[in-house]
Amino acid sequence: MSEAEVVRFEVEDGVGVITVDNPPVNALGPGVREGIIAAVDRGVADPNVSAMVLMGAGRSFIAGADIRQFGKPRPAPARLTHDVLDASPKPVVAAIHGYALGGGLEHALSSHYRIAVASARVGLPEVLIGVLPGGGGTQRLPRLIGPKAAMEMIVSGRHVPAAEAKALGIVDAIVEGQDLRKEAIRFAKSVAAKRPLPRVRDKADRIAEAKADPGMFEAMRKSIARKARNQKAPYHCIACVEAAVTQPFDEGLKTERRLFAELENSEEAKALRYAFFAEREVAKIPGAPKDLKPPRVKTAAVIGAGTMGGGIAMSFADFGIPVKVLEVSREALDKGMQRVRDNYAVSVKRGSLAQAEMERRLALIEPVDRYEAIADCDVVIEAVFERVDVKKEVFAKLDAVMKPGALLLTNSSAIDTDIMANVTKRPQDVAGAHFFAPANVMKLFEVVKGTKTSIETIAGAMKVGRDIGKISAVAGTCDGFAANRSRAPFITEMMLMLEEGALPEQVDKVMVDFGYPMGPFAVSDLSGLDISYDTRKRRAAADPNYRKLHVPDRLVEMGRKGQKTGAGWYRYEKGDRTPHPDEVVKSVIAEVAREFGIEQRTFTDDEILRRLLCASVNEACKILEEGKAYRASDIDVMWLHGFGFPRYRGGLMFWADTVGSREILRQIEEWHQRYGARWKPANLLREIAASGGSFREAKAAG
Ligand code: T1G
């Protein structure tokens, strides 16, 4: 796109209006910076122009640099837009609507005034994609709002609403009325003659205040130590803001550029950029007609007021959608509603929810005890016991009462969606809507397509997920769908390594060092060992060849169900959630090894990491081969938002590419030799290794 096409310059009432028009979010792609510079030059040179306005066309101001350009060679620009805007002898007013993020906000900070509509959001979120504000943001923002507030914004990467931005001093005025352009021209004229121009780079008063608290930078480093471990970008952000306090502006800019260059092509930045685009790609349904735009659901219903049912109802209420909760027994209904009230009360007690907001959300959740009461809802999600007969009965009733076109969804985490669909006369309207516990917290929303599910129903269900703040990802119906199925081998290997001599605390340390917030055994103690025990019992009953997991089975049979019983893989002191390694577990492991003649040995940390993740990479390839997921990057999104996979590692398949497809195949073949059939390499994995291809770009077969 040429400069002229992505940036327009028009003179109106003596004001030069510079409009960036680079859909969808006016990113600073090719030609945009050059277009802005050319426009400012025209405005400066035009005697009829007394001031200028910089704004975005369409739904947003500028959402930052074009992330797709990162990692690609870029010729060093002769002039920087920031310097040109800053140095303009005529005032430039940045008029913000939608988003002013990253390079977008930096262009606004390089302008002399900033005005915004009330719904606008501003921020410097570069740290979320593994870099830092590289267009002067780390030097200008501290001068405008003070180093502490600036550092908080830059290290968190959060989007700041216009009202708060005004209070912080980022924007000079909130614009009323609908016509931002008109208001911006009026504002520009009102400051056209004012001199000197308020250049942010010249502001020193807020920097001076920081000199009184030099410890703020070390304090910030300490406060992010746990969350930002293994990462560089957050620390480089702090170092840049520190430079804004300790160095002259232009020296600080050099520091910013040097540290930016260190990050741009880091593994961390590549992984976070990949995750950014994978989260956008996952929303796309291959082959779906472009005009397939399902409506926002206005009313919802949930069948079952258990833990999942209650959490699902809260998800709808949290996003302002009225929801009915159906339970046939009044007692179960009251118990379920009380659990919902208690959950909200915990958030109010923690201060993360206002009492009034709690009341507002509770008012959106209506308990009902008759199917007729939900007949007009746009979507219904069944969340009853994981028993086939009960689910079939529910779907037969839903088929009888729900209005035509309603989405009939099941929250089953394992039962084949077709079983529920086939008891209805409208299987095309049935799909899985798999929430992850706790349903009102976990972001992953797995939409399961049955054999007869229509593309309209898939799109509708995915939209439901997005409308309640989830990340919707599609999976094909099969045992464990895509997310749990891809993780199941991870669980199996973690249990079998114990039988060979690994210890829970060693495995957990490896995964925490890798970046997980918590190790898999500690997570198992938190959610309860008995849940997976019941699943294993069902599987062993159905499949005589099912490989029993003796150690966890024995612990549960000893009454060690995890934190809730004070002991599981670890032991816990009363009222304390700190996991303590337990000799009892060691002796159970030794006992199982002796009984089944399993030789005990030591494990390297790297072997533990590879054993867990390679098992799932292999399964993910089988899932793609069978078309049970659209893209490998979808599976990565599932791991990021369903299983706490460290985001700066990109995801399971992205990690596999950092090891390399041939090495992954070599490793899996070695374990195939040693451990047998469960490690048989997937055909797709062999193909990727043979072609030297990448796992993250793999797509569903056919
Ligand atoms: N670059 C390239 N493409 C982008 C983009 C960007 N900055 N932002 C969005 N897109 C694409 C996105 O991939 C999708 O494409 C479409 O726009 C709609 O996005 C020098 C170094 C603005 C809050 O980090 O956070 O500036 O999938 O689905 O939900 O210091 O997009 O349709 O083909 O997300 O309404 C800093 C990133 C860059 C902001 C809108 N900026 N964007 O959310 O729409 S680094 C960011 C967002 C930088 C400077 C540095 C969100 C949004 P497609 P969407 P949305």
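The model is a predicted one, in which local features need a pLDDT of at least 70 and side-chain atom pairs count only at pLDDT 80 or more, whereas totals for chains, interfaces and linings use all residues. Residues are numbered from 1 along each chain as its sequence is written, and side-chain values use heavy atoms, with hydrogens and water left out.

A disulfide is a covalent bond between the sulfur atoms of two cysteines, taken here as a pair of cysteine sulfur atoms within 2.5 Å. By this rule the count is zero. The cysteine sulfur closest to that of C240 belongs to C237 and lies 6.6 Å away, which is too far for a bond. C621 is likewise in no disulfide, the nearest cysteine sulfur, that of C614, being 11 Å away. With buried meaning under 20% relative accessible area, exposed over 50% and partly exposed in between (1.4 Å probe, protein chains only), C240 counts as buried because its relative accessibility is 0%, and C621 is buried at 0% as well.

A pair of aromatic rings is described by the distance of the centres and the angle of the planes. Rings of Phe, Tyr and Trp (its six-membered ring) pair if their centres lie within 6.5 Å, and the planes count as stacked under 30 degrees apart, as edge-to-face over 60 and as tilted for the rest. The whole structure holds 14 such pairs. In one of them, F435 and F445 have ring centres 5.0 Å apart and planes at 85 degrees, so the arrangement is edge-to-face. Because F435 belongs to strand 15 (residues 430-435) and F445 to strand 16 (residues 444-449), this pair ties together parts that are 10 residues apart in sequence; strands (E, at least two residues) and helices (H or I, at least four) are DSSP runs numbered from the N terminus. Both F435 and F445 are buried. The pair of W671 and W679 is tilted, with 5.0 Å from centre to centre and 50 degrees between the planes; W671 is buried at a relative accessible area of 1%, and W679 is buried, also with 1%.

A charge sits over a ring if NZ of Lys or CZ of Arg is within 6 Å of the ring centre and within 35 degrees of the ring normal. R487 lies over the face of F643, at 5.0 Å from the ring centre, and R280 lies over that of F276, at 3.6 Å.
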